[in-house]
Amino acid sequence: MPNLMLTNRCNFNCSYCFGQDQMPPAVSALDMTRETFMQLIDWTLRDGSLGKMVHLMGGEPTLHKDFVWMAKYVLEQKCELKVFSNLASKNAPDYAAELKDAPVRWVVNVNPPESRTREQDASLKKCLQILGPKVTLTFNMVPEPCAQEWLIDLICEYNLARDIKVGFVLPTLSHKNEHLQDKDYPRVARRVVDFARRCESFDIQLSYECGVPWCAFTAEQMGELWHLNSTFFSSCNSVLDITPDGRVIYCLPLATFRSPHFTKFKNYPEAKNWFESVLMPYRPLGSTSQCYKCTFMKITESACRGGCMARVLHGAQNISMGDADEKV
Amino acid sequence: MSGWMWLAGAITSFLAGPRSGRTELNRSALTAFSSIGCRCRERKLPDPNRPMANIFLTDQCDRGCKFCFAKIGPWSKSYPSRALTLAEVREILEVKAFSPQQVLGVVGGEPLSYPHLFEVMEMMKQKRIVTKIFTSGSCTPADGLERYKEQMPLNFIVNIDSMDSYTPERRKNLERFLKTFGPITCVGFTLVDPERDLSFLLDYIRDYRMLRYIRMGVALPIAGLTENEYIRRERYRDAGLRFMELARKAAAENISIGCDCGFVACMFEISEIGQLQRWGMKIQFVCGPAMDIGPELETWHCFPLSRMPRVSLRKYQSFERVRMALQSMADQLREKHGPGIFTRCRECRYRKRGQCSGGCLGLIVPENALSEVEPKIDSAVSTGESSCPISC
């Protein structure tokens, strides 16, 4: 079940966005056609062993004019559907209303309230009102400290799922976006633990996005997170993303790494295996000079890769990465 | 350090893998961690390494471990002792839900003493089933099994003890077994005496280049019986400390440890739990059906609850439904006689949140209660997979 990128357009312009190498102005604006979408659904479901699950994402997927048609198409195939969205687009409330009774999970990325215009804020809140517990919030920890209580307020006010996915802002391969530096991790880890303490009293759990090096947390902090029911786990074993024009990428931070067209693979598992084999030689390198001798990374090897692979590959940039159009 | 120097060091370290145990590490780490899956976008992936069930091939074993909870449970009273027939094994493998690449445990007794083991291996190979054999490694020479190393996904879990505890003949068998299968075998050990130094387990891994993972269990009682040795609940903290000591030494050698069912959260301090995570341990203190399948395709929850009513796989024709039926009976027992092995379990936040089940029901359920429960599929919460915590 890859993440299908319906469009690379977005209604926000987050400085930390790790998808920016795949989005305007870095590349032209592009929407997935219905035809490509149907081919991709067929391709995704070709190997039955993965279950029937489809993820829709962007950019901002609700900017796609055919968003509802695509969501319904997925549901008609008796698939489970998950949508990654900010729900702050103009059309989002209408779409949410249309899909409110459908078995759809919404993973909603939110930034602090001051980052939203009045209209965006109104759209988001309307959607949350409509979708309630079908929504899981996700937000990104940036280098600068910022308040997080508003997340708890949103969950309580709109009765959202009591689970927040925490991302540590990741670099793109080019490292042009705002992202955490090594020195930021301990400070951000402390903020996460503080936030987990506050969440616990509201019976809210934290879970974690990919790419966080495990050494960001001390043993005491990891123990406390477990104690708070917000057990830390982060890995780099991405669900593949597929761009609007049908190119498969490992994940958004690695959008410029390799991007063969999906038709070069028989099915999703074959694509996933191919990417893993291509990345395998780089895995043990880790992202810092400390990683390769880190006992901890060796033991948890398949979990901790020393953080995001975009950091690892950036560190290893002198190694030839081959050509994006190279024959698969 | 410049980028190039770092890169050179990293590559040197990577290339030095086999010498430093990296190759074995990859296997063990995959085993230990793939069960966690990627939670970055999908929190609950099915666990590809967790046995969906265990085939109880035979109850025959002449090892005679005092802590053994497997040999007397399922075969008492109305269930006569007998091995599975080949037809029964075939029938198990024909259950619809069983698809290639899924993991099946092979247990006993001593499965290597099963007279039709090679026929079973052929069947598993044909179905591309990932096979995990639980053995003592010392009872019987494992002649002829070598060929399957390359032919199918196969590994072993050897329940082991220190070399000086074996008779010369058993010792010879074990050494031979480990020399042949060490790189696809992980150490299993049942903790009976919290005073005992366990460093010898690391020696095995080093000497025989075994998988760098230890599967650790606590000795558990069989509900309603008192025949076997097990750890009393008042010694659980001591057992936790012993476990920590081993985990610390193991981490220094890039070996991770997983705990089998029966462990409880309060065996450890919170900071110890954090440390265990950093040492690569998957933190789970949950109890769920191991789902062992015996003659007539009767299944039981686990060995400590083997005297609980059985559920027929033949009747349900679905591992998932059988699992739910077994879980429902354990739930009834826990509700009535639990929730946990300590009085404090009732108010425990970890239990309420599902982070800890409260320990093994074998410690708290009286014999006469075992027959009072019955399977109720609708009331059980489907986990979609075994909730037995061990994934190795």
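Hi everyone, let's start with the core: the largest nonpolar core has 205 residues, and the members touching the most others are Leu4(A), Ile55(B), Val187(B) and Ile214(B). Helix α12 of chain B, residues 319-337, gives this core its largest share, with 8 residues. Do keep in mind as we go that this is a predicted model.

Let me pick out Ile55(B). Which residues does Ile55(B) contact once we leave aside its neighbours within four places in sequence? They are Leu84(B), Val89(B), Ile92(B), Leu104(B), Val106(B), Val107(B) and Ile293(B).

Now over to chain A, for some helix packing. Take helix α2, residues 67-76, and helix α3, residues 92-99, both of chain A: their axes come within 10 Å and cross at roughly 25 degrees. Angles under 35 degrees count as roughly parallel, so α2(A) and α3(A) are roughly parallel to each other. The crossing of α2(A) past α3(A) is right-handed. On the α2(A) side the contact uses Phe67(A), Val68(A) and Ala71(A), and on the α3(A) side Tyr95(A), Glu98(A) and Leu99(A). By class, that makes 5 nonpolar, no polar and 1 charged.

Left-handed or right-handed, how does α6(A) pass α7(A)? This crossing is left-handed. Ala189(A), Val193(A) and Ala196(A) of α6(A) meet Gln221(A), Glu224(A) and Leu225(A) of α7(A). The contact of α6(A) with α7(A) has 4 nonpolar, 1 polar and 1 charged residues.

Note on methods
Residues numbered from 1 in each chain as written. Chains lettered and ligands numbered in written order. Predicted model: local features only at pLDDT ≥ 70, side-chain atom pairs only at ≥ 80, totals over all residues. Axes fitted to C-alpha atoms, helices over the stretch in contact; angles between N-to-C directions. Helix = DSSP H or I, 4+ residues; strand = E, 2+ residues; numbered from the N terminus. Parallel < 35°, antiparallel > 145°, perpendicular 65-115°, else oblique. Left-handed = near helix turned anticlockwise from the far one by under 90°. Contact = placed C-beta atoms within 7 Å. Nonpolar A, V, L, I, M, F, W, Y, C, P; charged D, E, K, R; others polar. Core = buried A, V, L, I, M, F, W, Y, C linked by C-beta atoms within 7 Å. Buried ≥ 20, exposed ≤ 12 C-beta atoms within 10 Å, placed from the backbone.
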